[in-house]
Amino acid sequence: MPARRAVVRSDPAGPPDRGFLEKQMQRSGDVATKVGSAPERRTAGARGAGLFRAFWRWHFYASFLVIPVVLVLAVTGLIYLFRFQIEPALHADLMKVQQPAGLRAQQYDTQLAEVKKAFPDATVLSMTEPSGPDRSTVFSVETADGATEDVFVDPYQGQVLGSLDPDSTLSGGAILLHGELMAGRWGDAVIEIGACWALVMAITGYYLFVRGRVARARRRTAEAAGAVLRSRHALTGSVLGIGLLFLIVSGLPWTGVWGAKVQQIATSQGSSMWGEDPGALSNPTSTLDESLPHSHAVPWALGESKVPKSDPNQDRRSVATIDTAVVVGVQNGLARPLTIALPAGEEGVYSVIGYAFRNPAKERTLHVDQFGGQVVSTYGYQDYPLLAKTVAQGIALHEGRRLGTANMVLTTAFCLGVIFMCVSGPLMWWRRRPKAAGAVGAPRGRLPLKATPVLAILVVALALFLPMFGITLLLALLLDQLVIRRTPRLRAWFNTTD
């Protein structure tokens, strides 16, 4: 039995009792036959050809990439989730106001004039109504150097309270980290790679959860070191796994490789992942106020609809104002607070965007002629392609806003659970790591792809469906074959099988 003893000594993850280990290996598929079977089959088991240990190894090494990325996403996701509570508390001098007794809010056109006076060289892009009687009006402006700032106005005094670079706020920084790690396209690529391998962690984790349940129960009964933490890690992961899979899939449309390619394919087929408005010659930009529907983008992906324009040849005595646009929006049933994108040039329109934060199905925009004040075009959820409707609903759930308070509570619990998983996983490894230097303590095992064609097909299909996973998997396999297996020290450190 020399080969089996070698496995016992080389596996730092296994319990110290040899008999218990052999039984566990038999249950997990690492030993395909009973003790006393043919030597060649025992050798195959000793080499770690079983699915359990192979999946355990994949789960282990995927964590090195996934944990840092997912931890950042969970923490920044929590900040983003509570941005409407955090930012007013941090910037109360700008975002909160007091309504003097008997005083009504001034007209928005008057407030707009104050913004233009305070920022004479800036271009005002949009205005968002106060979300409550104690909140300020927010104007989004583009400065002379091309930067975007949010300007806050006391609606009762008509006084400019100040401005903020939305990217400099806590939630703004969280958004940039969440989307691209503040590293542009490279950061976006890292996020996408982490998300792809998180799918691998979730799939392998479910396999380990099911196949290892008996062993975990025995370890708890025997009061083995780390047994309780391992069980909690497994149970938490089993609950979070479905949610993690959903968040990954619903977040993929934003990615720079998968999302861009799917959008390109969808556009070529006359569809789109985004309900992109054909009428927005105006730019509805307000980074800090994330109540804007994600569907509003310029230009329209499908390019099949005539862009509505204002008619500058109308009687100039009937020039409309931002207040006119608000009245038109309210008369047409748009929910408040409204966001008004101002006209860009003489042919631009007022784009009146209704509040649809909790329900994307209510997303609707009216385009109002800046001279006559009539509605020249409407665009809403009912006009989206089916794919865009699906993505819009998925994003709302992803951001914790689709189902109101219940969605926020569940998303908060999910983020906290992910943080626990990101901490408990490394802690389990730390407790069972090899005491001697020269090894990372990875489980031994190799996927039996030759003996399991279906598994090989699934791996290839996943690699084709998620290009960043396929590319990084290929690089990892090349590194393993060309470097690690040919370097004895690296081979021992990675605990690589023959």
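**Entry 1. The whole chain.** I looked up burial first: of the 498 residues of the protein chain, 48% count as buried, meaning under 20% relative accessible area with a 1.4 Å probe, protein chains only. I note that this is a predicted model, in which local features need pLDDT of at least 70, side-chain atom pairs count only at pLDDT 80 or more, and totals for chains, interfaces and linings use all residues. Residues are numbered from 1 along each chain as its sequence is written, and side-chain values use heavy atoms, with hydrogens and water left out. I find 18 helices and eight strands in the protein chain; these are DSSP runs numbered from the N terminus, helices being H or I of at least four residues and strands E of at least two. Among contacts (heavy atoms within 4.5 Å) between residues at least 6 apart in sequence, 65% join residues at least 24 apart.

Entry 2. I traced an open sheet of eight strands in the order 4-3-2-1-5-6-7-8, with antiparallel pairing; two strands pair if DSSP finds at least two bridges between them. Strand 4 (159-164) and strand 8 are the edge strands, each pairing on one side only. Strand 1 and strand 5 pair in the antiparallel sense over three bridges. In strand 5, A341 stands opposite S126.

**Entry 3. Helices on the sheet.** I see helix 7 lying across strand 1, strand 2 (137-142), strand 3 (148-154) and strand 4, at about 40° to strand 2. Angles run from 0 to 180 degrees between N-to-C directions, and axes are lines fitted to C-alpha atoms, for helices over the stretch in contact. Helix 13 also packs on the sheet, touching strand 1, strand 5, strand 6, strand 7 and strand 8, and makes about 45° with the direction of strand 6.

**Entry 4. Helix 13.** Which residues of helix 13 (residues 322-331) are buried? I list I322, D323, A325, V326, V328 and G329. The buried residues of helix 13 pack against helix 7 (108-118) as well as strands, including strand 7 (364-369). At the start of helix 13, a side-chain oxygen of T321 comes within 3.2 Å of the backbone nitrogen of D323. Just after helix 13, G333 has a positive phi of about 85°.

**Entry 5. Helices 16 and 17.** I checked helix 16 (residues 453-465) against helix 17 (residues 467-484): they pack at an angle of about 120°, with axes 5 Å apart. The two are therefore oblique to each other, since angles under 35 degrees count as roughly parallel, over 145 as roughly antiparallel, 65 to 115 as roughly perpendicular and the rest as oblique. V459, L462, A463, L464 and F465 in helix 16 meet P467, F469, G470 and L473 in helix 17.

Methods:
Buried < 20%, exposed > 50% of the residue type's maximum accessible area, 1.4 Å probe, protein only. Polar contact = N/O pair within 3.5 Å; in protein donor to acceptor, adjacent residues only side chain to side chain.
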